[in-house]
Amino acid sequence: MGTYTRDPQIDIMHLTDSEMRLKLSQADTALANSLRRAMIAEVPIMAIDDVHITANTSVLHDEFIAHRLGLIPLTSKDVARFNYTRSRAATRSCVPRDHLQSEFDGADVVVKPVDVGRIDQATNPQRIVICRLRRGQELKLVCYARKGIGKEHAKWVPTEAVAYEYDPDNALRHTFFEHPEMWPRSEFSQLKDDDEKFEADYDPNGKADTFFMTIESTGSLPPQLICMTALSQLYEKLGVFEEALSVPSD
């Protein structure tokens, strides 16, 4: 791929089941933003893509329920075992099938989704409510989950938010503070607590080369796996690009 003057480094600063904060150094804005976009739109996960409703007497119409089901996070640690349905190699076996069937005649009951096995379920046992059924109402449906990426639809986005911060003390003057003393100090600030300065001295020759990134997962994948998969996707795309450049033109 050639030689580079920079050697990007990633240091994990904070890690939980649903959130990760990392420091990307010796990089530039293009790389940081490429990694951010890859984590949002290029990491495959499983999501409900097809819903067959045979009976629905609830207050919610079919399209509303189908949309809700599609946005429920599904555990996708084994997503690599499945093929994309747009692929020729895809078969019926790559579409896991599950049933949601509820028929109540008693008191009001909350209809809950299948056990999606969220990674934080042990500490947060609350589950997602699809709809509420009153006495005599019923909801019968069959769901098909398929593999996809966020570039195709938002239900395949594995992250709740991905953001990065650079120049925490505004030394590059990338933004203008009309009243710097009113601006909240970043948690990554290099200024001392007893320092009377509210922003660093202007550095006209400085460049953004350190980025503090925060990745929040929906629960479908651990945040560190989202980051690693995004890096692999970027590496694969660079390989395809390099191969295309090496092919002589006619």
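**Cores, cysteines and a loop residue**

Visitor: Is threonine 75 buried, partly exposed or exposed?

Guide: Buried means under 20% relative accessible area, exposed over 50%, and partly exposed in between (1.4 Å probe, protein chains only). Threonine 75 has a relative accessibility of 35%, and therefore counts as partly exposed.

Visitor: What kind of model is this, and how are residues numbered?

Guide: Residues are numbered from 1 along each chain as its sequence is written, and side-chain values use heavy atoms, with hydrogens and water left out. Local features need pLDDT of at least 70 and side-chain atom pairs count only at pLDDT 80 or more, while totals for chains, interfaces and linings use all residues, for the model is predicted.

Visitor: Between which helix and which strand does the loop with threonine 75 lie?

Guide: Helices (H or I, at least four residues) and strands (E, at least two) are DSSP runs, numbered from the N terminus. The loop that holds threonine 75 lies between helix 2 (62–70) and strand 4 (97–103).

Visitor: How many disulfides are counted?

Guide: A disulfide is a pair of cysteine sulfur atoms within 2.5 Å. Cysteine 131 is buried at 3% relative accessibility, and cysteine 143 is buried at 6%. By the distance rule, the count of disulfides is zero.

Visitor: Which residues have the most contacts inside the largest nonpolar core?

Guide: A nonpolar core is a set of buried Ala, Val, Leu, Ile, Met, Phe, Trp, Tyr and Cys residues joined through side-chain atoms within 4.5 Å. The largest has 22 residues, and those with the most contacts inside it are Leu22, Leu24, Met39, Met213 and Ile215.
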